[in-house]
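Morning, everyone. I have one assembly to show you today. Let me put it on the screen.

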Amino acid sequence: MRRYGVADTTFSRVDMGRIAMRTIEREDPEGEIVRYTVPGIKDLPVAAKRLLEEGCDGAITLGWVGRTTLDKYSYLAASVGLIAVQLLTSRHVVDVTVHEDEADDPEELVRIAEDRAEKHARNLVLLVRDGGGALAPFAGKGLRQGYGHAGPLD
Amino acid sequence: MRRYGVADTTFSRVDMGRIAMRTIEREDPEGEIVRYTVPGIKDLPVAAKRLLEEGCDGAITLGWVGRTTLDKYSYLAASVGLIAVQLLTSRHVVDVTVHEDEADDPEELVRIAEDRAEKHARNLVLLVRDGGGALAPFAGKGLRQGYGHAGPLD
Amino acid sequence: MRRYGVADTTFSRVDMGRIAMRTIEREDPEGEIVRYTVPGIKDLPVAAKRLLEEGCDGAITLGWVGRTTLDKYSYLAASVGLIAVQLLTSRHVVDVTVHEDEADDPEELVRIAEDRAEKHARNLVLLVRDGGGALAPFAGKGLRQGYGHAGPLD
Amino acid sequence: MRRYGVADTTFSRVDMGRIAMRTIEREDPEGEIVRYTVPGIKDLPVAAKRLLEEGCDGAITLGWVGRTTLDKYSYLAASVGLIAVQLLTSRHVVDVTVHEDEADDPEELVRIAEDRAEKHARNLVLLVRDGGGALAPFAGKGLRQGYGHAGPLD
Amino acid sequence: MRRYGVADTTFSRVDMGRIAMRTIEREDPEGEIVRYTVPGIKDLPVAAKRLLEEGCDGAITLGWVGRTTLDKYSYLAASVGLIAVQLLTSRHVVDVTVHEDEADDPEELVRIAEDRAEKHARNLVLLVRDGGGALAPFAGKGLRQGYGHAGPLD
C-alpha cells in the first residue's frame, strides 16, 4: 500500500490540502494519506521531510506566496529546501505554489489554486505509483497546472 | 518535558525574544526555554542548530532586516540556512522576521514585531507539543502574523 | 556498456527528451538509455538523482522555463539542485534549459530547443564515454547551444 | 585556551584582519589567533572551514564587496557558504562585510570598515568565550556595526 | 609533488585554461597539472570535484558568463556549487569568471580574461604550495584581477 504526504499552510487563503487529499483518494483509493499543516512556506521543507521519514512514499506541498519581493525570496529559499528534501530522500515532493499576484480577482485565484492542486496531486500519484515512465507520453506536451494547457509547439 | 530554543539578535530594534519567551511560558507552562542571542540574522542558523543540539525540541528565531537590497540578500542566505538546520535535525525552527521597511511609523513596526513574535511562538508550541495535525483546522484560513488575518477566499 | 539518463518535463512545449535520446543513440549506439519524465523543472533534480542511482553513468535534463520572474527563481532553485546532484554523485548532469522569452516566434523557439538538446546530448556522450579531456580541443572556442557558435576572441 | 581564526582578503582596501586581530588580543589576551588570507570573498568559506578544522573555536571573516550586481551575487553565494560552514561545524563564523557603495568618501569607508571589524571581533570573543547568553543583555537593542547604534524602538 | 586541477569551458571565448596552465607551470615547475573541459559554468563544480577526487591539491575554474539576467542566475548557482565543492573537500577552488558585459571592446575582454586567469593561477599556487599565510602580506591591499590594483584606502 502506498502512503502519501500532504503538507499545507495556514497562510494559504485556499484549502488546497483538502483538494489534494480528495484527489489522491480518488486516484489511488488504496493509498493512505498523512497531512501536516504548518504556518508558512518556509516551514514546508521540514514538514515534507518528516512525512517522508514517517514512511510516505512521496509528498505534495501546497504553498501560498504574497506579492512583495520578500515573499519571492521566501519562495526561493523554500524551493531550494524542497529540492534538498528530495535529494536527501530520493523521493518526490511535488510543489504546488500559488502566488497572490497571479490574479487580481479572488475567484480567479481560487480557480487557479484548485486546478493546480488537483492536477499536481494526480502527478504525484502517477510518479509514486507508476514511476518515471508514467508521464513520458506527455513529455513536451506543454501541460500547465492552474491554467489551461499551453500545448506543444513542435 | 519539552524544551524550546529562542534565538534572537542585538541588531533587532524590538526585544522580540522576550515576547517569544513570555508567550511560550504562557502556552506551555511546563516547557523549558533556552535563549541564545547573536549579532545579526546571518548568525541565527548556527544558534538554532546549537540550541537543537543542546536538546531543544524546536526553536524560534527572531530576526530584524534593514531596508537595502543587501539586507535582503542576507535575509535570503539566512533563510536558506534556517531551512538547512531544520532538514539536518528534522525539527521545526519557526522564523520570525521583521523588515524595517514594512512600516515608516516606529510604533507600527513595534506592533508588527510583537504580534508576529507572539503568534509564531504559539505556532511553535503547537507544532512541538501537538504535532503536524494541530494546525490542520486552520489550513487555508489565510492566517497572518504581524497583521490581521487575511482570511480564506474559498 | 554505458547507461545514460534522460530527464524531461510535461511542462516543456518541445519534446526535447526525444531529440536527446535520438542523439545519444546515434553518438553511442552501444549505450543504454533510461527516460524519466516529471511535471516541471523543480522535479528534475530528484529525477536525475534517481537515474544515477539506477546505474546511469551520467544524465541530461531538459527543462522549459516561463517568462515571469517567478519562473526565473524556479530556474535558479532547480539549477542549484542539479549542481547538488552532481556533487553528491560525482557524475555529470548536463542541463538543457530553454526560456520561453528567448524568442517570440514559436518556430524559432523550436529551433533553439532542438539545437540545444542535440548539442548537449553530444556533450554528455563525450564527457561520459571519453572523459574530461574529450572537450579540451574546444576549450575557449565560444561554442553555443541553441545558437550559432560565438567563436573565440583570442 | 581559546583559539580564534581570522580570514581576510587581498581584495579588501582596508586591512580589517589586522584590526580584528588587535581587538581579539585586547579582549582575550590569553587567546591564540590564526590568520588566513585569500584573494576574495568567495574563497572565505573554505578558509574559515580550514581554520576551524585546525582547532579554532570560532572565526571572523572580513570581506570587501564591489559595486556591481555581480559583486552582490558573489556576496550572496559567499554568505550561503559561510552559513554552511557554521552548520557543518556548529561553531560561529562572524562575518564582516563592507560594501564599496556604502559610502562615496574613502575616509568614511575606512571608518565603517574599522568600526565594523572591531565591534564584530568583540562579538566573536563574547560568543566563543562566554556563549550564547553573553549577548542576551543587548538583545533587541538595535546595535549596529560600521555605524552608530540605531537603538531600541520599544 | 603538488597536483593542480584546471577546469574550463567550451563556452568561453578566450582560452583561459591555457593561460592558467602556463602560469602554474612557470610558478611551480615541479607541479603536475590535470585539465578538465566542460560545456559551461554550471558543469564546473562537478569537474572541480572530480579533479580533487583524482588527487589534485587545489583547482582553478575558468568560466565565461553571458549578458542576460539568466546568465547571472547561472553564475550564482555555479558559485554556490563551487563553494560547496570546497567545503566538501576542504581544498581551494579559485574561481576565475569573466562576464561578457565587463567590456564592449573584444580586445579589452581578452585582456581582462588573460590578466585574471594569470593572477588567480598564481594565487592558487601560493595557497596550495605555501598555505593561508602566503597572501597575508597583501591582505587589505586592494588587489584586483582583470584590472589594475585598486590599492589600499588606509
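This is a predicted model: local features need pLDDT of at least 70, side-chain atom pairs count only at pLDDT 80 or more; totals for chains, interfaces and linings use all residues.

Now the contacts. Start with chain B against chain A. Chain B puts in 29 residues, and chain A puts in 37. On the chain B side, the elements giving two or more residues are helix H3 (69-89), strand E4 (93-99) and helix H4 (106-130). H3(B) gives the most, with 8 residues. By class, this side of chain B has 14 nonpolar, 11 polar and 4 charged residues.

Next, chain C against chain A. Here 37 residues of chain C meet 29 residues of chain A. The list of elements on the chain C side, each with at least two residues, is this: strand E1 (3-9), helix H1 (16-27), strand E2 (32-38), helix H2 (44-53), helix H3 (69-89) and helix H4 (106-130). H3(C) gives the most to this side, with 11 residues. The classes here are 20 nonpolar, 8 polar and 9 charged.

Do the copies meet through like or different surfaces? Only 7% of the interface residues of chain B are also interface residues in chain A, so the surfaces are different.

Some pairs do not touch. Chain C and chain D make no contact, and their closest C-alpha atoms are 11 Å apart. Chain B and chain E do not touch either, with their nearest C-alpha atoms 11 Å apart.

Last, one helix inside chain A. Helix H1 of chain A covers residues 16-27, so to speak a run of 12 residues. From first C-alpha to last, H1(A) reaches 16 Å, close to the 16 Å expected at 1.5 Å a residue. Which of its residues are buried? They are Met16(A), Gly17(A), Ile19(A), Ala20(A), Met21(A), Thr23(A) and Ile24(A). And what covers them? The cover includes strands E1 (3-9), E2 (32-38), E3 (58-65) and E4 (93-99) of chain A, along with helix H4 (106-130) of chain A.

That's the tour. Over to you.

Terms used: Residues are numbered from 1 along each chain as its sequence is written. Chains are lettered from A and ligands numbered from 1 in the order in which they are written. Two residues are in contact if their C-beta atoms, placed from the backbone, lie within 7 Å. Helices (H or I, at least four residues) and strands (E, at least two) are DSSP runs, numbered from the N terminus. Ala, Val, Leu, Ile, Met, Phe, Trp, Tyr, Cys and Pro count as nonpolar, Asp, Glu, Lys and Arg as charged, and the others, Gly among them, as polar. The expected span of a helix is 1.5 Å times one less than its number of residues. A residue is buried if 20 or more other C-beta atoms lie within 10 Å of its own, exposed if 12 or fewer, and partly exposed in between; C-beta atoms are placed from the backbone.
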